[in-house]
Amino acid sequence: MQTLLPHAEKVAALLKRRGESVAVAESSTGGLIAAALLAMPGASAYFLGGAVVYTKAARAALLDIDDAQMAGLRPSTEPYALMIAKRIREAGERARAEADQRRASQTAEKPHAKEVNGPKGPEPTRYGDWEKKGIVSDF
């Protein structure tokens with residue numbers, strides 16, 4: 001993990017500077033890439049999410065890749081990596097679009113309250129990970 005952190009720092013700075021985001025699909029790395037990216041300050045500005053897809057069952061459940069789509073492919077190859085990257089990108093784009101739509105509809109109804117005593121102070125995080133009167137809410 002420690003050897004990944006300097007690389008993650010460079011990637012994080014680049015993504016933030018460009019206003020880009022990333023979603024990660026991992027297998028043999030077991031989530032270390034996601035962990036390194038999330039260890040950087042301000043990760044919520046660029047990290048959409050990720051999946052550790054280590055088994056056939058996980059691949060089917062998390063990325064909707066069945067046996068027919070795997071025909072002629074082997075894990076740990078470039079074509080496989082490109083396929084799972086495309087799937088996780090699509091999932092990340094759907095998640096972002098759904099969250100943006102949900103936030104827009106909620107804002108149209110009423111402006112949401114500012115976060116109180118949350119992880120970064122008076123502003124809400126984009127994941128809505130704060131509590132008010134013991135109830136976790138999303139925005």
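1. Helices, of at least four residues, and strands, of at least two, are DSSP runs that are numbered from the N terminus. With the elements named in that way, this note considers a predicted model, and helix H5 (78-109) gives the most to the lining of its largest pocket, with nine residues.

2. On confidence, the chain averages a pLDDT of 80, and 76% of the residues score at least 70. Helix H1 (residues 5-18) has the highest confidence in the chain, at a mean of 95, whereas strand E4 (residues 135-137) has the lowest, at a mean of 47. The pLDDT is below 50 over residues 133-139, although this stretch has 20 contacts in the model beyond near neighbours in sequence. Where pLDDT is low, predicted coordinates should not be read in detail, and a reader may wish to keep this caution in mind.

3. Strand E1 (residues 22-26) pairs with strand E2 (residues 47-52) in the parallel sense, and the pairing runs over five bridges. Within it, Val22 has Phe47 of E2 as its bridge partner, while Val24 stands opposite Gly50, again in E2.

4. The largest pocket holds about 500 Å³ of space, and 23 residues line it. Those nearest its centre are Ala23, Val24, Ala25, Ala85 and Ile88, so that Val24, which stands opposite Gly50 in the strand pairing, is also one of the residues nearest the centre of the pocket.

5. As for where the lining comes from and what it is made of, E1 and H5 each supply at least two of its residues. By residue class, the lining of the largest pocket divides into 12 nonpolar residues, seven polar ones and four charged ones.

Key: Residues are numbered from 1 along each chain as its sequence is written. This is a predicted model: local features need pLDDT of at least 70, side-chain atom pairs count only at pLDDT 80 or more; totals for chains, interfaces and linings use all residues. Side-chain values use heavy atoms; hydrogens and water are left out. Two strands pair if DSSP finds at least two bridges between them. On a 1 Å grid over the protein atoms alone, a cavity is a set of points where a 1.4 Å probe fits but cannot get out, and a pocket is an open set with protein on both sides within 12 Å along at least five of seven lines; lining residues have an atom within 4 Å of a point. Grid points are joined across faces, edges and corners, and a volume is the space filled by probe spheres set on the points. Ala, Val, Leu, Ile, Met, Phe, Trp, Tyr, Cys and Pro count as nonpolar, Asp, Glu, Lys and Arg as charged, and the others, Gly among them, as polar. pLDDT is the predictor's confidence in each residue, from 0 to 100. Contact means heavy atoms within 4.5 Å.
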